[in-house]
Amino acid sequence: MAEYTPEDIEKNKTMGGLAWWIFFLPWLTAKDSEFHWACARRGLLLWIASAVFYIIGLGWIFNLLQIWGLIQGFGGKVWAIPLIDKFADDWFGGFMKPQA
């Protein structure tokens, strides 16, 4: 898990919250924020999982996780979801990361 500075979180908590639903936001805004990118990676993974699990009727579970992440992001909290964090960072960390 990456380190987030209090300044980064305070400056980008609104966009971090939105990134749980609109995962492509970091490409448009706050390109240098690790907090924003971390929220976007988790949001993308939950979005994909939700789409896949809707086939068997369980996609709503992942939507609830996205809503909770959105609330936590707006509050400036870094919410660590077991397994989701690891997969999100491993799968999407290569191309969804802060750009200097």
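**Helix 3**

I began with the length of helix 3. At 1.5 Å a residue, its 20 residues should span 28 Å. I found the end C-alpha atoms 28 Å apart, which agrees. I keep in mind that this is a predicted model.

Next I looked up how covered helix 3 is. Of its 20 residues, 15 are buried, so I noted the helix as mostly covered, taking buried as under 20% relative accessible area.

**Nonpolar core**

I then went to the largest nonpolar core. I noted 21 residues in it. Trp20, Leu46 and Met96 have the most contacts inside this core. Helix 1, helix 3, helix 4 (59–74) and helix 5 each supply at least two of its residues. Which helix gives the most? Helix 3 does, with nine residues.

Leaving out residues up to four places away in sequence, I listed what Leu46 touches: Trp20, Phe62, Leu65, Gln66, Ile81 and Ile84.

**Salt bridges**

I turned to charged pairs. How many salt bridges are there? The count comes to six.

I checked Arg42 first. Arg42 pairs with Asp85, and their closest N and O atoms are 2.6 Å apart. Arg42 sits in helix 3 (residues 34–53) and Asp85 in helix 5 (residues 84–92), so this pair ties together parts that are 43 residues apart in sequence. Buried or exposed? I have both Arg42 and Asp85 down as buried.

Glu34 and Arg41 came next. Their side chains meet in a salt bridge, at 2.7 Å from N to O. Glu34 and Arg41 are both buried too.

I then asked which residues link up with these two pairs. Glu34, Arg41, Arg42, Asp85 and Asp89 are joined in a network of salt bridges.

**Lys13 and Glu10**

My last pair was in helix 1. The side chains of Lys13 and Glu10 form a salt bridge, N to O at 3.4 Å. That is within the 4 Å cut-off for a salt bridge. How far apart are the two residues in helix 1? They are three residues apart in that helix (residues 6–19), so about one helical turn separates them.

I looked up the exposure of each. Lys13 has a relative accessible area of 24%, so I wrote down partly exposed. Glu10 has 53%, and I wrote down exposed. Neither is buried, as that would need a value under 20%.

Definitions and conventions: Residues are numbered from 1 along each chain as its sequence is written. This is a predicted model: local features need pLDDT of at least 70, side-chain atom pairs count only at pLDDT 80 or more; totals for chains, interfaces and linings use all residues. Side-chain values use heavy atoms; hydrogens and water are left out. Helices (H or I, at least four residues) and strands (E, at least two) are DSSP runs, numbered from the N terminus. Buried means under 20% relative accessible area, exposed over 50%, partly exposed in between (1.4 Å probe, protein chains only). The expected span of a helix is 1.5 Å times one less than its number of residues. A nonpolar core is a set of buried Ala, Val, Leu, Ile, Met, Phe, Trp, Tyr and Cys residues joined through side-chain atoms within 4.5 Å. Contact means heavy atoms within 4.5 Å.
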